[in-house]
Structures are given as C-alpha cells and as structure tokens.
Amino acid sequence: MSNSAPAYFAKANTVVVHALAVRKAYDRGRIGVLDNVALEVCAGEMVALLGASGSGKSTLLHILGGLDAPDLGELSVCGLDPGNEKNRLVLRRHHLGFIFQLHNLIADLTVEENLRVPALAAGAPSAETKARVRELAESTGLAHRLGHRIQDLSGGERQRVAICRALMNRPQLILADEPTGSLDEATADTIFALLRSLVKDQGVAILLATHERRFAEQCDRVLRVRAGRIEES
Amino acid sequence: MRFLALVFVNLRRHKLRALIGVAGIGFGVAAMLTILAIIGGAIGMFERILAVDSHYLVFERNTSDLFFSSVTTKQIEGIRVLPQTEAAHPLLFGLVSAPGHPIITCFGLEAGNPRLTRAKWIAGDAADFGRKKNGIWLGARAAKFLDAAASETIGIGRGKFFVAGILETENGFEDGGVFFPLAAAQEFFHRDGVASVVAVQLRNPAQGDAFKQAVEEAYPGLIALENREFNQGYTQFRILRFTGWAVGLCAFLLGGLGVANTMLLSVFSRIREIAVLRVCGFSKGQVAGLIFGEAAVIAGFGLGFGFALGFGALAALQRVPQFHGYIQSAISPLLMGGIVATALSTALAGAIFPARFAARIQPAEALRYE
C-alpha cells in the first residue's frame with residue numbers, strides 16, 4: 001500500500017476486514033444506506049467509524065458481521081466471505097465479537113451464564129470455558145459479580161459484561177456499535193479505556209462506530225461516515 | 001451452563017405459560033390413559049368371558065355383533081363330536097332391562113360351563129345351576145344394584161324370576177350380569193335352539209388348524225377363530241380401540257395447540273434475545289433445538305402430570321362399584337409407550353412452527369426492533 005492510499009485502506013500487513021464497493025439500500029432500493037463503501041482494518045488496529053445517527057455506521061458493522069447482506073460489493077472478514085451462512089457461523093463463533101450500545105445481555109441469566117453463551121454456541125469444553133470466564137471477569141473487575149443477574153448490575157458493569165462476552169471465544173475482530181452511547185461520561189471513559197487496552201494488550205482489531213469525536217480521536221484511524229459514504233478524516 | 005440449562009431458564013422465566021403447556025399435555029395424557037384403560041378393561045373382560053377354558057370361538061360368519069350371531073343346537077352337537085374337540089360350551093347373549101336399570105346383560109349357559117365352577121359362590125351352589133324352577137343366578141354386582149338377595153323373586157324384563165344363587169367372577173362385566181340356564185335364555189329371548197357363540201376346548205391345541213378347517217367345511221355359515229385371532233380381528237373391539245385412540249388423540253391435539261401457543265408466545269417475546277444468540281454464534285439449528293428442547297421438557301412434565309392424574313383417576317374409578325372390573329389393572333408397556341410417543345410427538349409438532357420462526361429471525365432486523 002503506498003503512502004498516498006486513502007485512509008480507509010490499512011497500512012499494516014494482516015488485513016482482517018476488506019470491503020470494496022459495498023452498497024446497501026432498504027425498501028427495494030428506495031432508501032440508500034451505504035454507497036460504494038471501501039475500507040480495510042488490520043490486526044491490532046482500532047479504527048473509528050465517526051458519523052451522525054443514521055449515517056450507515058451500524059449497517060456497515062452488521063454487514064461486516066454477517067448479520068445483514070450487502071446488495072453489492074466485495075467483502076472479506078478474517079479471510080472469509082460473510083456472504084454464505086456457513087462462513088457467517090464460523091465468523092461469529094470464532095473470529096468476531098460484537099458489542100452493542102444497548103448491551104443486549106440476557107437479563108434472566110447471571111453474568112457467568114451470559115459469558116458462557118458464545119462458548120456454548122461454539123461447543124467449547126466446559127473446563128476451558130470456566131477458566132476463560134474467570135480470566136475475563138478478573139481482568140475487567142467483574143469477578144465478584146459472576147453470580148449476579150444482569151438486572152442487578154450498573155450500566156457500566158453491564159457493558160463490561162458485554163465486552164467480556166465479545167471476547168469469550170478469543171476473536172480477531174470486535175465490531176463495537178456505539179458501546180459508550182448509553183453511558184455517563186465517566187463510565188464511557190472507563191469502557192473506552194478497556195477497549196483500547198484490548199487492542200494494545202491482546203492485539204485485537206476493533207472497528208468502533210461512534211458519534212463522539214473525543215473517542216474517535218483516540219483511535220488509530222478515523223473514517224468518517226456521511227450519507228452512506230466513507231470519507232477520509 | 002449447558003444447552004439444557006438454557007432450556008430451563010427460558011421455561012422458568014414464563015412459568016405460567018409453561019404450566020399451561022404442561023397442563024395441556026397432561027390432560028391429554030390423562031384422558032388417553034383413562035379412556036384406553038377403561039376400553040382395554042372392558043375389552044379384556046369380554047375376551048375373558050369368551051375365552052374361559054377354551055382355545056377357539058365358533059360363531060356366525062359375517063355377523064356385525066356377537067349378540068346377533070346364531071349357532072344352532074345341531075351345529076353345536078356337530079362341533080362336539082369333531083375328533084379335535086374336548087369340550088364345547090355354548091353361550092347365548094341377551095339384553096334385558098329392570099326398573100332403574102335400562103341395560104342388563106344376560107348369559108344363557110349350560111350347567112357344566114367352567115365359568116360357573118370357577119366362580120366364587122356367595123349364595124347357592126354351582127351344582128344346582130339349572131335345577132331350580134324359574135331360577136336365575138345373579139352376578140355379585142348385579143345383585144347389589146338390583147338390591148336382590150338369594151331366594152327373592154325379582155322382575156327382569158317382562159318376567160318374574162326366583163334368585164337361585166349369587167356368584168362372583170373375576171370379571172366385572174359378568175358380575176353385572178344375569179345367568180340363565182341356556183334353554184330358559186333361549187325361550188326368554190325368543191331364540192329357540194341357538195347360542196351366540198360356542199367356546200371350544202381342544203384335545204390338543206396343536207390341532208387348531210384341522211379343527212378350524214373341519215368346522216368351516218361342515219358349516220360354511222360359521223367361522224372358527226383362535227382366541228388371539230378373534231381379539232385382534234373382532235370388529236367391535238377394533239372400533240372400541242380406534243375410538244379410544246381417536247378420543248385420546250383429540251385430547252392431545254388440544255394439548256399440542258397449547259404447546260404451540262406457549263412456544264409461539266415464548267418466541268415472540270424474545271425475538272431480540274434470539275437475535276443475540278445468533279450474534280453469539282448460535283446456528284439456526286441450535287436455535288430451533290432450543291425451542292424443540294423447551295417443547296420436549298414441557299412434554300416431559302406433562303407426561304409426569306398426566307400419568308399422575310390418569311392413574312389417580314383410574315384408582316378413584318376402581319373404587320366406584322359400577323366400574324368394578326372395567327378398569328384394566330395392568331396398563332401394558334405398549335399403551336404407556338404409545339402415550340409417551342404421542343405426547344412427545346404432539347409437543348414437538350406443536351413446536352415446529354415456533355422453531356421455524358425462531359430459526360429464521362434475521363439478527364440485524366431483530367436488533368433494530370425495540
């Protein structure tokens with residue numbers, strides 16, 4: 001990649017996300033959401049997708065995570081085409097972690113049970129799962145909360161549980177959709193710092209959709225999403 | 001956490017809904033168990049009436065009901081002299097009414113009939129059967145509901161009869177009946193010289209085919225069936241069994257609809273959660289498995305509840321004098337297996353649409369859904 005390449009192309013070597021000419025529209029093409037989107041994300045990189053609400057950030061994350069399909073375009077995530085169901089399943093089970101603005105935890109389960117869900121889906125051995133849950137809970141200060149139900153946790157704790165759940169199966173890439181959007185400023189800072197440390201300490205790539213400039217500016221790269229297009233920052 | 005634990009979590013969180021599903025299956029199980037046990041008991045009793053000390057039953061070919069079958073005295077005598085025959089016991093069935101009792105079954109039989117000698121005699125003696133003028137002999141239950149004692153004169157149909165004895169058999173159907181000497185029964189029911197069936201004991205059970213052939217060659221209007229063959233093929237029994245299963249299946253159908261409703265509501269109320277499971281790596285099959293798992297657990301609890309309810313109802317019915325002997329005391333493993341299989345398949349069938357719906361939930365769309 002030359003130095004003059006646009007910001008949405010990665011500069012490092014191991015590309016975990018490659019998207020080219022991706023288009024998406026709803027309502028039989030009447031509502032255009034993504035228009036000719038191209039981007040790359042490399043391992044160990046934290047890339048911000050900065051844009052206003054409705055700009056297409058979430059749709060792009062959903063498409064990259066195989067939760068939605070593009071109308072057109074070329075996609076590769078962790079070396080797999082998320083266009084077919086088998087690859088999507090492999091991606092979600094082994095390569096991707098999702099964090100949402102609303103934590104999307106299962107309220108009737110305990111913290112530990114929520115963390116076990118991805119391992120259950122992947123068929124991970126119980127002993128290994130138990131050790132991983134303990135490791136993640138300790139690293140995020142949730143060890144004393146493992147037996148508690150989600151409704152007993154604060155907003156910040158819930159989002160930390162969601163981050164741990166995203167990390168359960170040791171993903172290469174985390175797709176984070178406004179993870180600090182529903183939190184107060186102090187808690188949001190803590191959560192962002194936690195995400196930053198994941199990149200630094202574990203080499204995880206994070207694609208962070210946010211509308212908060214202060215967080216975007218702390219990322220390795222910032223891609224602006226405006227009216228369904230990615231622009232250089 | 002294991003997959004099954006997730007199933008239980010989902011059921012626990014909507015206890016009332018799950019209980020409605022359990023109750024639906026449970027009532028289906030109880031209904032089927034009770035109906036089939038009663039029908040099975042009634043058929044069993046009838047089979048025992050016919051099969052006392054006999055290997056073969058001979059009756060009129062192509063008759064729709066044994067009550068309408070006619071085997072003549074000449075034919076009975078012919079059967080008796082066949083080389084394979086050890087003993088032949090004619091039996092005439094009839095129905096009469098008594099004040100307050102519109103249907104009472106009557107049995108016309110000869111003095112040497114094994115069912116008389118094997119009975120427990122409460123009043124009178126088997127040796128006196130047929131020797132008392134204008135005498136009838138009552139089953140123990142019939143004596144009770146007719147409020148009759150030995151040596152009394154009671155009205156049966158158009159006649160007045162002397163109660164010459166009271167006997168208790170192992171069979172509730174017989175116990176509720178009135179026993180006439182064969183000739184008296186033929187006269188009373190205007191069926192002179194005929195019996196309904198002849199129960200035949202063979203000298204050697206291995207000669208069954210030869211006996212059957214001999215009877216059917218000599219009397220083309222008659223049919224000889226081995227007891228087991230008769231029990232399986234007799235139309236009335238088949239209709240009864242079919243009716244039992246049909247009524248039970250209808251009860252299960254309602255139970256299945258209950259499960260379908262429970263599972264549908266369960267799926268609709270957690271569309272977002274199912275989307276999250278998909279995001280976390282659950283396959284469509286795993287999501288469907290979760291729903292089927294919940295239905296199977298509902299069926300399991302429904303079976304437990306239904307069997308408890310059904311056996312409780314049967315135990316209670318056995319205490320009712322009118323049902324004495326009609327309730328099958330031993331429920332066959334086949335019946336139990338049939339009920340378990342029906343309950344499971346009903347619950348799983350009820351879960352097909354909800355499971356299909358759940359498996360097809362689009363995560364991105366569902367996550368947008370608030």
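## Helix over a sheet

Two residues are in contact if their C-beta atoms, placed from the backbone, lie within 7 Å. Helix α1 (residues 57-64) of chain A lies across β1, β2 and β4 of chain A and runs at about 120° to β1(A), where angles run from 0 to 180 degrees between N-to-C directions and axes are lines fitted to C-alpha atoms, for helices over the stretch in contact. This is a predicted model, in which local features need pLDDT of at least 70, side-chain atom pairs count only at pLDDT 80 or more, and totals for chains, interfaces and linings use all residues. Residues are numbered from 1 along each chain as its sequence is written, while chains are lettered from A and ligands numbered from 1 in the order in which they are written.

## The sheet

In chain A, an open sheet of three strands with antiparallel pairing has the order β2-β1-β4, with β2 (31-42) and β4 (72-77) as edge strands that each pair on one side only. Helices (H or I, at least four residues) and strands (E, at least two) are DSSP runs, numbered from the N terminus, and two strands pair if DSSP finds at least two bridges between them. Strand β1 (residues 15-26) of chain A pairs with β4(A) over five bridges in the antiparallel sense, and A:Ala19 has A:Leu75 of β4(A) as its bridge partner.

## Domains of chain B

Chain B is divided into domain 1 (3-45 + 237-368) and domain 2 (62-220), with bounds from an automatic or database domain assignment. The centres of these two domains of chain B, taken over C-alpha atoms, are separated by 45 Å.
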